Amino acid sequence: MAEVIDGKAFAEGLRERIAVASTAFTAAAGRPAGLAVVLVGEDPASQVYVRNKGKQTVACGMASFEHKLPADTTEADLLALIAQLNTDPAVDGILVQLPLPAHLNEQTVIAAINPDKDVDGFHVVNVGRLATGMPGFVPCTPLGCVMLLRDRLGSLAGMEAVVIGRSNIVGKPMAQLLLAESCTVTVAHSRTHDLPAVVSRADIVVAAVGRPEMVKGAWLKPGATVIDVGINRVPAAEPGKTRLVGDVDYASASTVAGAITPVPGGVGPMTIAVLLRNTLVAAHRNAG
Ligand code: GUN
């Protein structure tokens, strides 16, 4: 049976180290590191994420500034708020929760964030910095995946890595990070021919497609390390109830893989921990 990669415990350890470093920053700078989170509208999942971000930011000794705007907020009003946060010296990191309501253009909004406060790493300047190996901000979820992989495997150099999914938030930055770790990287997606054959080559599989339990154990190379980024809510056996599953069929995959992240408790808890890390890095750059 595969070893279970405990992302929850890893994220707790990371948050403890960030809290120590955050206290030291506050003492040296005379102010805490600050993270501003902007939520437009009332998407229930986004509300849960934003609440957890606020709680964990404060628990790490940082300042949390939450801006909750109505669903019918105009682009001009949202851009005006971002302009104000860009120049606010108490704000080191700015995160605009996605998805935005349909009338707001996500690319326009992200482009308005000061790249040196873009702790999500979504601004084209940070995307370009990652692609060219310059220091910048890296999207939180893929960076958290690489931390788990490095913790388990040490050097990733020369390994075959298959990323399933090509989103701007996970798949593409994940591929860039694995390339920077000297993996041989394949990005598979919905149009890939013979996905099982592609996956069977991989020493490292990162699944980020948003399809419940799509990746089967029979596809895997025995001993592969499997990182499951999916969070899918599906009907449970009990009528009216739901349960969370990943993009990987855990029951079959865990009999073939060498190590695997569970859902929940794998990659999920890493995202906010890395966000707090990025915010502290931003604070040091802004204060220095
Ligand atoms: N929505 C889902 N994941 C994320 C994330 O990492 N950052 C932001 N801003 N929105 C998200």
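Predicted model: local features only at pLDDT ≥ 70, side-chain atom pairs only at ≥ 80, totals over all residues.
## Helix α10

Helix α10 comprises 20 residues, 268–287, and spans 30 Å between its first and last C-alpha atoms, close to the 28 Å expected at 1.5 Å a residue. Because 15 of the 20 residues of α10 are buried, the helix is largely enclosed by the rest of the structure.

## Domain organisation

The protein chain is divided into domain 1, residues 31–114, and domain 2, residues 140–269. Taken over C-alpha atoms, the centres of domain 1 and domain 2 are separated by 29 Å.

An unreviewed UniProt entry lists residues 5–120 as "domain: Tetrahydrofolate dehydrogenase/cyclohydrolase catalytic". Over residues 5–120 the chain is 50% helix and 16% strand.

## Ligand surroundings

Which residues surround the ligand? They are Leu 95, Val 96, Gln 97, Leu 98, Asp 120, Cys 140, Thr 141, Ile 169 and Thr 271. By class, this shell consists of five nonpolar, three polar and one charged residues.

Two secondary-structure elements, β4 (93–96) and α6 (140–153), each supply at least two residues of the shell around the ligand. At the level of domains, both domain 1 (31–114) and domain 2 (140–269) give residues to the shell, so the ligand lies between them.

Notes: Residues numbered from 1 in each chain as written. Helix = DSSP H or I, 4+ residues; strand = E, 2+ residues; numbered from the N terminus. Expected span 1.5 Å × (residues − 1). Buried ≥ 20, exposed ≤ 12 C-beta atoms within 10 Å, placed from the backbone. UniProt positions renumbered as here; feature names shortened; annotations may be inferred. Near = placed C-beta within 6 Å. Nonpolar A, V, L, I, M, F, W, Y, C, P; charged D, E, K, R; others polar. Domains from an automatic or database assignment.
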